[in-house]
Amino acid sequence: MKQKTTTSSAPQAAIDAAGELPRTAMDFAGRYSADAIKTLSSCQGKYAAFMKQRLSEDFAMPQRLSGCKTPMEIMDVWADFYSTAMNNYMDHARNMAETGTEAVEEFVREVEVEAEEMAETTSKVLKAANANDDDTKAA
């Protein structure tokens, strides 16, 4: 009688443990998807703010040029405009790269934790399956 209980519970334990794997993976996918959407949304907001700033400066350029009285003033306005624009684009690119790097580093940390949890769950499945095999051989 005791063997039947052990035999019937060992397969169930393996099934229960194996059932945790997809749930664990889906939980992780859901969490990562939400984080990815937040990061993308943040990047889009930063990009929109950057474009607003640049367009404002671009549209102000003709007004600045119209106030110039000498060719040297025109050259100074153009040089300042392009220097500022290039610095703005470089800063924006650096900020976006930093944001992307932070997102990838966080993802890698989460994957490492998730991999450990899945390894533990897999170990439970294998132990339960081995226990089932041992019970089957004994019977």
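Modeller: Let's begin with the rule for rings: those of Phe, Tyr and Trp (for Trp, its six-membered ring) pair if their centres lie within 6.5 Å, and planes under 30 degrees apart count as stacked, over 60 as edge-to-face and the rest as tilted. By this rule there are 4 aromatic pairs. In one of them, the ring centres of Phe50 and Tyr89 are 5.0 Å apart and the planes sit at 75°, so this pair is edge-to-face. Phe50 is in helix 1 and Tyr89 in helix 2, so the pair links distant parts of the chain, 39 residues apart.

Before we go on, a word on what you're looking at. This is a predicted model, where local features need pLDDT of at least 70 and side-chain atom pairs count only at pLDDT 80 or more, while totals for chains, interfaces and linings use all residues. Residues are numbered from 1 along each chain as its sequence is written, and side-chain values use heavy atoms, with hydrogens and water left out.

(Buried means under 20% relative accessible area, exposed over 50%, and partly exposed in between, with a 1.4 Å probe and protein chains only.) Another edge-to-face pair is Trp78 with Phe81, at 6.1 Å centre to centre and 90° between the planes. Both lie in helix 2, 3 residues apart, which is about one turn of the helix. Trp78 is partly exposed at 34%, but Phe81 is buried at 11%. Together with Tyr82, Trp78 and Phe81 form one aromatic cluster.

Now zoom out a bit. The protein chain has 2 helices and 0 strands; helices (H or I, at least four residues) and strands (E, at least two) are DSSP runs, numbered from the N terminus. Helix 1 covers residues 2-66, and helix 2 covers residues 71-138.

Asp80 and Arg64 meet in a salt bridge of 2.8 Å, N to O (a side-chain nitrogen of Lys or Arg within 4 Å of a carboxyl oxygen of Asp or Glu). Asp80 is in helix 2 and Arg64 in helix 1, so this pair ties together parts 16 residues apart in sequence. Both partners are partly exposed, Asp80 at 37% and Arg64 at 36%.

Other salt bridges stay within a helix. Arg94 and Asp91 meet at 2.8 Å, N to O, and they are 3 residues apart in helix 2, about one helical turn. In helix 1, Asp58 and Arg54 are 4 residues apart, again about one helical turn, and their salt bridge is 3.0 Å, N to O. Arg54 is buried at 1%, while Asp58 is partly exposed at 28%. Glu57 joins Arg54 and Asp58 in a network of salt bridges. The whole structure has 5 salt bridges.

One last stop in helix 2 is Glu110, which is buried at 18%. Leaving aside neighbours within four places in sequence, Glu110 is in contact (heavy atoms within 4.5 Å) with Phe28 and Asp35. Across the chain, buried residues make up 17% of the 139 residues. Among contacts between residues at least 6 apart in sequence, 81% join residues at least 24 apart.
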